[in-house]
Amino acid sequence: AGGEALILGGVTAPGFAWFHNLDPTNMVRVGVYDVNTNLVVFLELRAGEKTATWLGVTAPRAIAVTNAVKLDYMITDR
C-alpha cells in the first residue's frame, strides 16, 4: 500500500529524473512520505506517459493506482 522505493544506486543528491509508465492500461503515482507516513504524490503518469523533471526529494516511491505496472526511470545526481 505504501508503494515501492525507487532505487537510487550511487545517487546521493538527486537532480534530473526521467519517468516512463510502460503499462498500456494502468496509472502510476510517484511521491514521498510526509512526517505522518502519508504518501504525498508529486507526479502522476497515465498509461504510456513519460516525463522529465527535476527531483527535489531523496526517497521517492512509486505506487500503482489499480494493478501492478512497470515503471522505467532514471535519476541522476545534481
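The legends below describe close-up views of a predicted model.

Residues are numbered from 1 along each chain as its sequence is written. In this predicted model, local features need pLDDT of at least 70 and side-chain atom pairs count only at pLDDT 80 or more, while totals for chains, interfaces and linings use all residues; side-chain values use heavy atoms, with hydrogens and water left out.

**View 1**
Four strands form an open sheet in the order β1-β6-β3-β4, with antiparallel pairing. Strands (E, at least two residues) are DSSP runs numbered from the N terminus, as are helices (H or I, at least four residues), and two strands pair if DSSP finds at least two bridges between them. The edges of the sheet are β1 (4-5) and β4, each of which pairs on one side only. Strand β6 (residues 61-64) and β3 are joined in the antiparallel sense over four bridges. β3 also pairs with β4, again in the antiparallel sense, over six bridges.

**View 1. Arg29 between two strands.**
On the β6 side, Arg29 stands opposite Ile63. In β4, the bridge partner of Arg29 is Glu44. Arg29 also forms a salt bridge with Glu44, the closest N and O atoms being 2.5 Å apart. This pair links distant parts of the chain, with Arg29 in strand β3 and Glu44 in strand β4, 15 residues apart. A salt bridge is defined as a side-chain nitrogen of Lys or Arg within 4 Å of a carboxyl oxygen of Asp or Glu, and the structure holds one. Side chains of opposite charge can pair when their charged atoms come close. Both partners are partly exposed: Arg29 has a relative accessible area of 30%, and Glu44 has one of 37%. Here buried means under 20% relative accessible area, exposed means over 50%, and partly exposed lies in between (1.4 Å probe, protein chains only).

**View 2. The hairpin of β3 and β4.**
Five residues lie between the strands of this hairpin, and Thr37 takes a positive phi near 60 degrees. Asn38 is placed in the loop between β3 and β4 and, at 41% relative accessibility, counts as partly exposed. Not counting residues up to four places away in sequence, Asn38 touches Val32 and Tyr33, where contact means heavy atoms within 4.5 Å. The C-alpha atoms of Asn38 and Ala62 are separated by 13 Å, and the two residues are 24 apart along the chain.

**View 3. The largest nonpolar core.**
This core has 14 residues, of which Leu6, Phe19, Val30, Leu45, Ala62, Leu71 and Ile75 touch the most other members. The elements giving two or more residues to the core are β2 (14-21), β3 (28-33), β4 (39-45) and β7 (71-77). A nonpolar core is a set of buried Ala, Val, Leu, Ile, Met, Phe, Trp, Tyr and Cys residues joined through side-chain atoms within 4.5 Å. Apart from its neighbours within four places in sequence, Ala62 is in contact with Gly3, Glu4, Leu6, Val28, Arg29, Val30 and Leu71.

His20 belongs to strand β2 and counts as buried at 16% relative accessibility. Beyond residues up to four places away in sequence, His20 touches Leu45, Gly48, Glu49, Lys50, Lys70, Leu71 and Asp72.

Leu22 is located in the loop between β2 and β3, where its relative accessible area of 45% makes it partly exposed. With neighbours within four places in sequence left aside, Leu22 is in contact with Lys70 and Asp72. Leu22 and Arg46 are 24 residues apart along the chain, and their C-alpha atoms are separated by 9.5 Å.

Asp23 lies in the loop between β2 and β3 and is buried, with a relative accessible area of 12%. Its contacts, not counting residues up to four places away in sequence, are Ala47, Gly48, Ala68, Val69 and Lys70. From C-alpha to C-alpha, Asp23 and Leu8 are 22 Å apart in space, with 15 residues of separation in sequence.

**View 4. A nonpolar surface patch.**
Phe16, Trp54 and Met74 make a nonpolar surface patch of about 350 Å². Patches are made of residues with over 30% relative accessible area and no salt bridge, with like charges joined within 9 Å and nonpolar side chains (Val, Leu, Ile, Met, Phe, Trp, Tyr) within 5 Å. Accessible areas come from the Shrake-Rupley method with a 1.4 Å probe, and for residues only the protein chains shown count as cover. Met74 lies in strand β7 and is partly exposed, with a relative accessible area of 42%.
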